[in-house]
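Me: I would like to learn how to read a structure like this one. Can we go through it feature by feature?

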Amino acid sequence: MVMDENDELKQELEQELLWVKYRQRMLDIIDIKLFEMKELAQQAKQENCSNSEMKLLNEKIDKLKDQVNALDSESRKNEDGKILK
């Protein structure tokens, strides 16, 4: 019986490790998208943009924001440790 408990614990830890690796990959992608958002915001601040250019930059930032939120939501876990879908 002790072996079964150890096997179960090992399986749980392996699943946890897989999730941590997955979450880290998602956080790396989120970091890239946040950096892109920062660059777009700085570009908008530094340049004399027309209204249409400013609208385009805002649309790009909004799209990146939506992507960041989606990546974050889909890579989180709920209280019982299962990956949220």
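Me: How many salt bridges does the count come to?

Reply: This is a predicted model, and the count comes to three salt bridges. One of them joins the side chains of arginine 23 and aspartate 72, at 2.9 Å from N to O. Arginine 23 belongs to helix H1 and aspartate 72 to helix H2, so this pair ties together parts that are 49 residues apart in sequence.

Me: Which residues are linked in a network of salt bridges?

Reply: The network links Arg23, Asp72 and Arg76. Besides the bridge to arginine 23, aspartate 72 meets the side chain of arginine 76 at 3.0 Å, N to O.

Me: Where is the remaining salt bridge?

Reply: The side chains of aspartate 66 and lysine 65 form a salt bridge at 4.0 Å, N to O. Aspartate 66 is partly exposed, with a relative accessible area of 47%. Lysine 65 is also partly exposed, at 38% relative accessibility.

Me: How many helices and strands are in the protein chain?

Reply: The protein chain has two helices and zero strands.

Me: What does leucine 57 touch?

Reply: Setting aside residues up to four places away in sequence, leucine 57 touches Leu40, Gln43, Ala44 and Cys49. Leu40 and Ala44 are also members of the core.

Me: Why does isoleucine 29 count as partly exposed?

Reply: Isoleucine 29 has 32% relative accessibility, so it counts as partly exposed. This residue lies in helix H1. Its C-alpha atom is separated by 9.8 Å from that of glutamine 67, which is 38 residues apart along the chain.

Me: What can be said about the chain as a whole?

Reply: Buried residues make up 16% of the 85 residues. The accessible surface comes to about 7200 Å², and 52% of that belongs to carbon and sulfur atoms. Among contacts between residues at least 6 apart in sequence, 61% join residues at least 24 apart.

Terms used. Residues numbered from 1 in each chain as written. Predicted model: local features only at pLDDT ≥ 70, side-chain atom pairs only at ≥ 80, totals over all residues. Heavy atoms only, no water. Core = buried A, V, L, I, M, F, W, Y, C linked by side-chain atoms within 4.5 Å. Buried < 20%, exposed > 50% of the residue type's maximum accessible area, 1.4 Å probe, protein only. Contact = heavy atoms within 4.5 Å. Helix = DSSP H or I, 4+ residues; strand = E, 2+ residues; numbered from the N terminus. Areas by Shrake-Rupley, 256 points an atom, 1.4 Å probe, with all protein chains shown as cover.
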